[in-house]
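Hi,

Here is the structure I promised to pass on.

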Amino acid sequence: VQLQASGGGQVQAGDSLNLTCVAPENFNSLFTMAWYRQTPENRRTMVASISGNGVTNYADPAKGRFTISRDKGKKAVYLEMNDLKPEDTAIYFCNTKPPVPSYWGQGTLVTVSS
């Protein structure tokens with residue numbers, strides 16, 4: 001199964017975007033879920049995670065600007081991104097934490113221009 005992310009786009013610095021990831025109906029909602037991002041220069045890095053009971057964790061670049069949340073009933077995980085910066089430009093993916101290789105989807109592209 002692949003986890004599909006959506007909601008990316010091209011925005012200006014300082015703008016906001018909301019990303020969504022919806023898992024299949026039979027996906028275990030107890031899994032810790034995370035958002036990752038990948039730039040052409042770097043390997044995939046974790047941006048934020050949320051446990052099955054709602055405990056969140058953020059990478060330093062995301063602290064204070066991004067908010068991860070989930071809706072267990074909808075099997076959805078969200079990433080609210082505020083005050084976007086050009087360095088946030090990347091393809092964003094969702095997966096479990098730790099990630100399962102077969103769950104990687106195509107991601108959603110976020111492009112932030114200055």
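A cut-off to start with: partly exposed covers whatever falls between buried, under 20% relative accessible area, and exposed, over 50%. Asp83 has a relative accessibility of 39%, so it counts as partly exposed. Please keep in mind that this is a predicted model.

Asp83 pairs with Lys85: their side chains form a salt bridge, with 3.6 Å from N to O. Lys85 is partly exposed too, because its relative accessible area is 28%.

How many salt bridges turn up in the whole structure? The search gives 4. Another of them brings together the side chains of Asp60 and Lys63, at 3.0 Å from N to O. Here Asp60 has a relative accessible area of 59%, which means that Asp60 is exposed.

Then there is Arg65, whose side chain meets that of Asp88 in a salt bridge of 2.7 Å, N to O. This pair ties together distant parts of the chain, 23 residues apart. Arg65 lies in the loop between β6 (56–58) and β7 (66–71), while Asp88 is in the loop between β8 (76–81) and β9 (90–96). Buried or exposed, what are Arg65 and Asp88? Both are buried.

Back to the Lys85 and Asp83 bridge for a moment, at 3.6 Å from N to O. Apart from that pair, there is a network to look at: salt bridges with shared partners connect Arg37, Arg65 and Asp88.

Happy to go through any of this with you.

Cheers

Methods: Residues are numbered from 1 along each chain as its sequence is written. This is a predicted model: local features need pLDDT of at least 70, side-chain atom pairs count only at pLDDT 80 or more; totals for chains, interfaces and linings use all residues. Side-chain values use heavy atoms; hydrogens and water are left out. Buried means under 20% relative accessible area, exposed over 50%, partly exposed in between (1.4 Å probe, protein chains only). Helices (H or I, at least four residues) and strands (E, at least two) are DSSP runs, numbered from the N terminus.
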